[in-house]
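Have the sequence and the 3D view open side by side as you read.

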Amino acid sequence: MPLPTPNLDDRHFQDIVDEAKRLIPRFCPEWTDHNVSDPGVALIELFAWMTDLLLYRVNQVPDKVYITLLNLIGIRLEPPQSAVAPVTFYLSAPQETAITIPADTEVATVRTETSPAVIFTTETDLTIYPAVVADEKVYVRQVERPNVPASWRMHELRQLLLPNGRIAMFAPNPLPHDAFYIPLRHNHSNHVLALVIDCDVARGAGVDPTNPPLIWEVWQGGVARWSPCEVEFDGTGGFNMPGEIVLHLPPMAPDTIQGVTAHWLRCRLTDAQADTPENRHNRYKVSPELLALRIESRGGTVNARHAVTVRNEVIGRSDGTPGQEFHLLNKPVLARNPQRDVLIVDPPLPGRPREWSEVPDFAASGPDDQHYTLDSLSGTVSFGPALLQPDGSVRNFGSVPPHGSVITMTRYQYGGGVIGNVQANTLVTLKTSIPYVSRVTNRRAAEGGRDPQGLDDARARAPQILRTRTRAVTADDYEHLAREVVGVARACCVSPGAQPGGPADPRPGQVIVYILPQSDNPAGRIPPEALTLSAELRARVLDYLDRRRPLGIALDVRPIQYLWVSVEVRLRVPVRSDPALARAVQHEAEEVLYRYLNPYVGGPDGNGWPFGRDLHVSEIYALMQRLPSIEFVEEVQIGLTEPGSTAKPQVVSPRLDVPRHALICSWQHRVSVSAS
């Protein structure tokens, strides 16, 4: 049975009024009119109402006591989280030299009469390199054909300068996965590239200009291999006319192809190029031919977070006593970078550096350690106290800044909260002008903004904290403690006996923790590189859990096994439906699939696909049938594939078995909608 909450004063408004009326004959016998209409009674009721408010506040004291108890067991309210958005800077014109947009560049929404501007700050430098084709050569790859092996063909761009010079982009009889390769000298990761093209109109005719059977990709190496680019604009209509193609490139990696080491961009024909009845009217009969090709760097994209940067703020002057506290002018303070956000003391202690280090607490700080703490919510900077020890001595937990020294915070950022989850194309204002930059925007909505943690949430965490007491014993303990490490979204602990006889079953005395890293854009299609467990994050988790594991336990931290799923769905809408309805249904169905088969926000509960949960074909049927305007679901196929593989997905039915430590991720879903 839980402890009852004490009620320090149970009197209410009417009780106070009645008590005051009973005291009237004793203190004021001349007052005989006790009706509600009497002005004196009105004053009594007014004071009773005010006293009732005071008693309500007094009865909240148990909440204060509860907060104090939470502080004693080490629970702190978490500060707000900043929303993150990819911000694209567009150049006024292509430049011949590299242009660098420095970190901490501020962009904002438009300020209005009713709402202030929401400011975002870039997290890293963005260097936009001029686009240069390596060796002025491009390559055409022809896939294997009956009795004809796969082959490569090299073209020099200089031949386009000759009279009637032209370059065929694909083989004479284009087939799916034929590709046109462009080697780029510089790393154009997250760049905006424009391909200015003049093509033979007669050669390009025959495909739907709004849906040509091709895709632009860049080489990323590793597991991802080839990753698709985002096409912002295709003025050529699939090489049907002269124009330009504007691409947003994902991260790239160099590789050597055909003896050329470069960063590779390619245009590949998709499966829609296959000679089938449904593709007969939207495929290239012959290869498009280029009459001119020029590549320009138009801009670049960098992540920015909802934050305002403050530099070199003087927060006070030391009086030479232990336990001093100073307050920053702005709060709440966001997560700090130990290399950039440093507190300095001038003049420094003799023989010691000016920089002081931030620590979570002073429990391990000695008298000579230059440590301080910073409360993110209140913006309070605290120095170590001096405490009386059992033997009567006084110990300093951390050094004391010299008397009269000036204390300065070199840099910090404040902001965060749900207000930072702005919509797409709203971050359009540059706070400071940057040479050669004409405009800025966020092409996707900002995500991840969260308000400070509330008391109710802290109360929910308290039992888990008390149960683990920073010690990992059960699998739930390992998962709970792993999620406390910054950068970890989810964790799965597999202990001996979890899968008897399974290949992933640990040995006795061994514990394996699988980590899902946090993602800036958890919804929608997630690229494989965003799910990679970095060496730095793995080391942090391993170090954090290693200090809390029992003696004799062999601990290992591993990346999660991902099952990449491609779902093919055929839907029917009512007869004679508007073609716009079919396109809308197709788009909505794809969004539902990408969200449902997602390790972060997918699954039946929307909290991420559960570890080890199988995927059944029947639940995809049910998922599609709930969409509006759907008459029935004609067919569903679940395919298992590998990222970057050109092979067809392996069809599984009626269910996909998922190992205990594995998660399902979406790869490429295909939805076709037709009228019955």
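## Strands around E23

A quick word on terms: helices (H or I, at least four residues) and strands (E, at least two) are DSSP runs, numbered from the N terminus, and two strands pair if DSSP finds at least two bridges between them. E22 and E23 make a hairpin with 4 residues between them, and Gly379 in that turn has a positive phi of about 70°. This is a predicted model, where local features need pLDDT of at least 70, side-chain atom pairs count only at pLDDT 80 or more, and totals for chains, interfaces and linings use all residues. Residues are numbered from 1 along each chain as its sequence is written, and side-chain values use heavy atoms, with hydrogens and water left out.

E22 (residues 371–375) runs antiparallel to E23, joined by 4 bridges, with Asp375 partnering Thr380 of E23. E19 (residues 325–327) is also antiparallel to E23, through 3 bridges, and here His327 has Thr380 as its bridge partner.

Which way do the E23 side chains go? Thr380 and Ser382 point one way from E23 (residues 380–383), Val381 and Phe383 the other, and all are buried (under 20% relative accessible area; exposed is over 50%, partly exposed in between, with a 1.4 Å probe and protein chains only).

## Domains

The domain assignment (bounds come from an automatic or database assignment) lists domain 1 (13–73), domain 2 (134–299), domain 3 (320–403), domain 4 (468–559) and domain 5 (562–675). The C-alpha centres of domain 3 and domain 5 are 54 Å apart.

## Cysteines

With a disulfide taken as a pair of cysteine sulfur atoms within 2.5 Å, the count is 0 disulfides. For Cys267, the nearest cysteine sulfur is that of Cys229, 9.9 Å away; Cys267 is buried, at 0% relative accessible area. For Cys665, the nearest cysteine sulfur is that of Cys492, 14 Å away, and Cys665 is buried too, at 1%.
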